[in-house]
Amino acid sequence: GEEDAEFLAEKLSRQEIRYLYTSTERKAIQTGEIIGKRLGLPTHSNAGLCEHDRTGVGYLSNEDFQQAILNLFTKHDERIFGAESGQEAVDRVEAEICRIENETQGPNQTIACVTHGTVMSLLAARWSGLDGHKLWQRLTMRSTITINREDLTIVSIEID
């Protein structure tokens with residue numbers, strides 16, 4: 001994980017990032033701290049950027065987990081896997097990104113958000129029309145999604 005975070009920090013050092021936000025989940029905070037140290041930025045933890053809430057879901061076999069994730073993407077308006085639906089999760093993350101965007105308005109105010117694969121994929125599907133489940137299957141910890149702040153569209157998806 002630390003090696004992947006160092007890779008992301010190197011990749012992001014080529015951009016002029018002004019703000020760094022993470023979810024409040026430990027792995028995102030740790031990743032953000034490594035990136036922030038490299039970029040000379042403080043990290044701001046934010047619960048709105050957390051992963052899909054799977055509260056109440058116990059251990060699942062790999063097969064059952066894969067099916068639950070598929071259902072999350074295909075039946076995104078139903079609470080069938082945890083405490084929130086895919087729709088509720090992506091609404092939460094999108095609202096938080098828009099709030100952060102409004103808070104940090106100004107020229108050259110590039111923002112980086114360290115979040116999680118499921119919500120990243122749900123958001124990318126909403127904003128680009130991509131198949132979110134197929135994207136989720138391909139993402140790695142080194143993946144980045146770049147968003148145009150002006151119109152909240154996907155500029156690029158890099159899967160390393």
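**Pockets, rings and a nonpolar core**

Modeller: The second largest pocket draws at least two lining residues from each of helix 3, helix 4, helix 5 and helix 6. This is a predicted model, in which local features need pLDDT of at least 70 and side-chain atom pairs count only at pLDDT 80 or more, whereas totals for chains, interfaces and linings use all residues. Residues are numbered from 1 along each chain as its sequence is written, and side-chain values use heavy atoms, with hydrogens and water left out.

Colleague: What makes a run of residues a helix or a strand here?

Modeller: Both are DSSP runs numbered from the N terminus, a helix being H or I over at least four residues and a strand being E over at least two.

Colleague: What makes a space a pocket, and which residues count as its lining?

Modeller: On a 1 Å grid over the protein atoms alone, a pocket is an open set of points where a 1.4 Å probe fits, with protein on both sides within 12 Å along at least five of seven lines, and a lining residue has an atom within 4 Å of a point. The second largest pocket has a volume of about 210 Å³, a volume being the space filled by probe spheres set on points that are joined across faces, edges and corners. It is lined by 15 residues, of which Phe 73, His 76, Leu 122, Ala 125 and Arg 126 are the closest to its centre.

Colleague: How many residues of each class line the second largest pocket?

Modeller: Its lining has six nonpolar, six polar and three charged residues, where Ala, Val, Leu, Ile, Met, Phe, Trp, Tyr, Cys and Pro count as nonpolar, Asp, Glu, Lys and Arg as charged, and the others, Gly among them, as polar.

Colleague: What is the volume of the largest pocket, and which elements supply its lining?

Modeller: The volume of the largest pocket is about 1100 Å³, and of its 42 lining residues the closest to the centre are Cys 113, Val 114, Thr 115, Met 120 and Ser 143. Among the elements that each supply at least two residues are helix 1 (2–12), helix 2 (26–39), strand 3 (110–114) and strand 4 (144–148), while helix 5 gives the largest share, seven residues. By class, this lining has 25 nonpolar, eleven polar and six charged residues.

Colleague: How many aromatic pairs does a search of the whole structure find?

Modeller: The search finds two.

Colleague: Why is the pair of Phe 65 and Phe 81 called edge-to-face?

Modeller: Rings of Phe, Tyr and Trp (its six-membered ring) pair if their centres lie within 6.5 Å, and planes under 30 degrees apart count as stacked, over 60 as edge-to-face and the rest as tilted. The centres of Phe 65 and Phe 81 are 6.1 Å apart and their planes stand at 70 degrees, so this pair is edge-to-face. Phe 65 belongs to helix 3 (residues 62–74) and Phe 81 to the loop between helix 3 and helix 4 (86–103), 16 residues apart.

Colleague: Why is Phe 81 called buried, and what is Phe 65?

Modeller: Buried means under 20% relative accessible area, exposed over 50% and partly exposed in between (1.4 Å probe, protein chains only). Phe 81, at 4%, therefore counts as buried, whereas Phe 65, at 24%, is partly exposed.

Colleague: What makes the pair of Phe 65 and Trp 136 tilted?

Modeller: Its planes are 55 degrees apart, with 6.2 Å from centre to centre. Phe 65 lies in helix 3 and Trp 136 in helix 6 (residues 132–138), so the pair ties together parts that are 71 residues apart in sequence. Trp 136 is buried at 15% relative accessibility, and ring pairs link Phe 65, Phe 81 and Trp 136 into a cluster.

Colleague: How do you know that the charged end of Arg 142 sits over the ring of Phe 7?

Modeller: The test asks for NZ of Lys or CZ of Arg within 6 Å of the ring centre and within 35 degrees of the ring normal. The charged end of Arg 142 sits over the Phe 7 ring, 4.2 Å from its centre.

Colleague: What makes a set of residues a nonpolar core?

Modeller: Its members are buried Ala, Val, Leu, Ile, Met, Phe, Trp, Tyr and Cys residues joined through side-chain atoms within 4.5 Å. The largest such core has 17 residues, and Leu 49, Val 93, Ile 97 and Leu 123 have the most contacts inside it. Helix 3, helix 4 and helix 5 give two or more residues to this core, and helix 4 gives the most, five.
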